[in-house]
Amino acid sequence: MKMRSSLRKHFACLVLSFFPMMALAQGLADIQLPPPQMDGGRPLMQVLKDRKSTREFRPDKLPMQTLSNLLWAGFGINRPDGRRTAPSASNKQEIDIYVATADALYVYDAKTNRLHVLLREDVRVKTGTQPFVGEAPVNLIYVADLAKTGTDSEERDMDMGADTGVIAENVYLFCASEGLSTVVRGSIDRVTLSKAMTLRANQRIVLAQTVGYPPR
Ligand SMILES: Cc1cc2nc3c(=O)[nH]c(=O)nc-3n(C[C@H](O)[C@H](O)[C@H](O)COP(=O)(O)O)c2cc1C
């Protein structure tokens with residue numbers, strides 16, 4: 001009897017220790033990013049001097065710290081009232097940043113500084129029409145949530161474009177500061193990508209942006 005109970009405990013421990021791996025295999029594990037480092041970076045005028053689009057990337061993964069800093073620079077929260085590093089029309093904050101890597105498709109949650117897993121699938125090649133998108137370690141996809149915007153209008157579409165543009169420029173400046181390659185992209189098959197990302201009917205892909213290390 002005593003023996004059986006200790007065996008049961010052993011089995012329970014084994015199951016519990018394997019559970020995170022099982023969760024991972026099923027695509028259920030989110031990533032808690034390390035807190036963004038806000039005390040780094042090169043002087044702004046030098047960074048502006050170096051800002052540029054580049055289209056060559058090494059496949060090397062970005063460290064989690066770099067990804068955290070990048071996403072915070074792009075559209076992180078920088079004030080206690082929840083406002084962000086980039087402005088948005090009427091503070092609607094309707095742009096979500098999706099992150100496509102070789103491992104999975106995530107969405108950035110600025111409040112918790114987490115990457116929520118949406119698909120444990122590599123959708124990078126579907127994020128654009130140019131060949132480097134499938135090789136670079138990170139493709140950001142800027143998606144507007146129409147539930148947070150006004151009704152269908154030219155003004156709404158202009159706001160979505162502008163709100164995405166300012167985030168993309170933050171990412172450009174971070175990349176220039178860190179010596180990373182990046183290019184913002186409008187050349188996207190949005191129907192195919194929306195399907196691959198399993199987006200809702202009230203979401204719109206605005207632009208994408210590739211990020212990675214430059215060739216050696
Ligand atoms: C809205 C927008 C869409 C763009 N789409 C693409 C694209 O699909 N593919 C690409 O290689 N570059 C794209 N670019 C990058 C431009 O080609 C690039 O910014 C321009 O050539 C100027 O180069 P620079 O960024 O180095 O100054 C886009 C830029 C913007 C602002």
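Trainee: At what distance from an oxygen atom of the ligand does a backbone N or O atom of S187 lie?

Mentor: A polar contact is a pair of N or O atoms within 3.5 Å; within protein, one must be able to donate a hydrogen and the other to accept it, and residues adjacent in sequence count only if both atoms are side-chain atoms. For S187, the backbone N or O atom is 2.9 Å from a ligand oxygen. The model is predicted, so local features need pLDDT of at least 70 and side-chain atom pairs pLDDT 80 or more, while totals for chains, interfaces and linings use all residues. Residues are numbered from 1 along each chain as its sequence is written, and side-chain values use heavy atoms, with hydrogens and water left out.

Trainee: Which side chains have an N or O atom 2.5 Å from an oxygen atom of the ligand?

Mentor: The side chain of S53 places an N or O atom at 2.5 Å from a ligand oxygen. A polar side-chain atom of R55 also lies 2.5 Å from an oxygen atom of the ligand. On its own the ligand has 620 Å² of accessible area (Shrake-Rupley method, 1.4 Å probe), and the protein covers 52% of that area.

Trainee: Is T149 buried or exposed?

Mentor: Buried means under 20% relative accessible area, exposed over 50%, and partly exposed in between. T149 counts as buried because its relative accessibility is 15%. T149 sits in the loop between β5 (138-145) and α4 (154-178), and a polar atom of its side chain lies 3.1 Å from the backbone oxygen of L146.

Trainee: Where does E169 lie, and what does its relative accessibility of 29% make it?

Mentor: E169 belongs to helix α4. With 29% relative accessibility, E169 counts as partly exposed. E169 and G74 are 95 residues apart in sequence, yet their C-alpha atoms are 7.8 Å apart in space.

Trainee: Why does M45 count as exposed, and in which helix is it found?

Mentor: M45 is exposed because its relative accessible area is 66%. The residue is found in helix α2 (residues 44-50).

How values were computed. Helix = DSSP H or I, 4+ residues; strand = E, 2+ residues; numbered from the N terminus. Buried < 20%, exposed > 50% of the residue type's maximum accessible area, 1.4 Å probe, protein only.
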